[in-house]
Each structure stands twice: as structure tokens, then as C-alpha cells.
Amino acid sequence: MNTISGYLRQAGTAVRFLLLATIVLGLLYPLVVFGAGQLVAPFQANGSIVKDPSGQPAASALIVQVPADASGTQSPQWFHARPSAVSWDPASSSASNLGPNDPKLLDAVNSNRAAIAAAEGVDPASVPADALTASGSGLDPHISPDYADLQVQRVAKAQGLDADDVRKLVDQQTTGGLEAFLGQPSVNVTLLNLAVAQLAANP
């Protein structure tokens, strides 16, 4: 009897602990974290959603949005993102997994360099390194200011905008100061293209 009674007490303690842990960790803690996120950083907590010129949700500032045709060629009207091993598919996220000694990586770099130089009308040697290789996720919306500046003339011509106005948008979307403290300055292509769309709609 004592043994059975001891087992029952242990079982009761385990059940009470399970219920307490479920309430604290499964209900209270998520509510506290959710509330803190909505209070301190609601934009980030809700997916960093940005809106198009009409005011409708357009994209997440954390994921690149690439207007491209069926072959994967990016539209000349917009700033181009870095290459992607997943064709910028937001349902996927992956690197190319090609090592520095892999001939396929060198072939891809040379192919990208030639294609970008032709599209932008520049010397292949002037194409920035970040324009040649994919990011670790394949969805990174950031490019270097050098790569963004390289595309200004093409985008301005395709959109019928003044190149100086487009360059100002690049400057506005370039991170600096504390935002670039832990890394190099960068330009968010998703936000930049939305700014271009806004300018094109209201020149």
C-alpha cells in the first residue's frame, strides 16, 4: 500500500508540474514575448512588411523580391539582387555549397561577371564581388553600394527617370552609422525598388 501511495504521490506531483510548465512556458511566456515584440518593435515582430505606392503590403524587407522572367533573367527596369542558388524562391533557402576550389564556382563567377558587364555597359573588372556570388540563404536583399551605383544608369533609362534622382534613392537606402557598425554599408534592393516604383509613379 505504501508503495502504491508513493507512486500516486509522485504521479500527482508530475501531473501538477506538467500543468504548471504548460501554463508558464506554453501560454504565459509566448504571450509576454509577443506583447514585448508588439510594444518594442512592431515592424520587425510582424515580419518587416513594407508597402507599395498604393499602400498595399508588397514584401518583407528581410527577403529579396526579384522581378524575373521564366529563364531567371532579372528585369532591366529594377535594381538587380545578388545571384541565388534557389532562384530567389522565398519557399526555399540555400547556398550553392560550391567550395572555393570547385571549377563550377569559377565558371559561375565568370559567367555572372560577363553578363553583368554586358547589361550595365561597363568593364568586367569593375563588377563588384558581391554581384558575382550568391548569399548563404539565396534570399538576402542586400547588395553593396558599389553594385547599386553600377545599376543606376540602366534603371533610370528603363524607368524614364533622371539618373541623379535614382542615385539619391540609392543614397537614402544605404545603411551607415550604427546600422553598419557590425558590417559594411549595404543597400536593401527590396526597399530600393519600392522607392523606384514610388518615384516612377510620382515623378
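The legends below describe close-up views of a predicted model. Residues are numbered from 1 along each chain as its sequence is written, and side-chain values use heavy atoms, with hydrogens and water left out. Because this is a predicted model, local features need pLDDT of at least 70 and side-chain atom pairs count only at pLDDT 80 or more, whereas totals for chains, interfaces and linings use all residues.

**View 1. A nonpolar surface patch that includes Leu27.** Leu20, Ile23, Val24, Leu25, Leu27, Leu28, Tyr29, Leu31 and Val33 form this patch, with about 870 Å² of accessible area together. Such a patch is made of residues with over 30% relative accessible area and no salt bridge, nonpolar side chains (Val, Leu, Ile, Met, Phe, Trp, Tyr) being joined within 5 Å and like charges within 9 Å; the areas come from the Shrake-Rupley method with a 1.4 Å probe, and for residues only the protein chains shown count as cover. Leu27 lies in helix H1 (residues 2-40), helices being DSSP runs (H or I, at least four residues) numbered from the N terminus. With a relative accessible area of 46%, Leu27 is partly exposed, a class that falls between buried (under 20%) and exposed (over 50%).

**View 2. The crossing of helices H3 and H4.** The axes of H3 (residues 103-120) and H4 (residues 145-159), which are lines fitted to C-alpha atoms over the stretch in contact, come within 9 Å and cross at roughly 40 degrees, on a scale from 0 to 180 degrees between N-to-C directions. H3 is therefore oblique to H4, since angles under 35 degrees count as roughly parallel, over 145 as roughly antiparallel, 65 to 115 as roughly perpendicular and the rest as oblique. The contact (heavy atoms within 4.5 Å) is made by Ile116, Ala119 and Glu120 of H3 together with Tyr147, Leu150, Gln151 and Arg154 of H4.

**View 3. The salt bridge between Arg154 and Glu120.** The closest N and O atoms of this pair are 2.8 Å apart, where a salt bridge is a side-chain nitrogen of Lys or Arg within 4 Å of a carboxyl oxygen of Asp or Glu. The pair links distant parts of the chain, Arg154 in H4 and Glu120 in H3 being 34 residues apart, and both residues are buried.

**View 4. A salt-bridge network of Asp149, Asp164 and Arg167.** Asp149 pairs with Arg167 at 3.1 Å between the closest N and O atoms, joining H4 to helix H5 (residues 163-172) across 18 residues. Asp164 also meets Arg167 in a salt bridge (3.7 Å, N to O), and these two residues both lie in H5, 3 residues apart, about one turn of the helix. Asp149 at 39% relative accessibility, Arg167 at 26% and Asp164 at 48% each count as partly exposed.

Key
Buried < 20%, exposed > 50% of the residue type's maximum accessible area, 1.4 Å probe, protein only.
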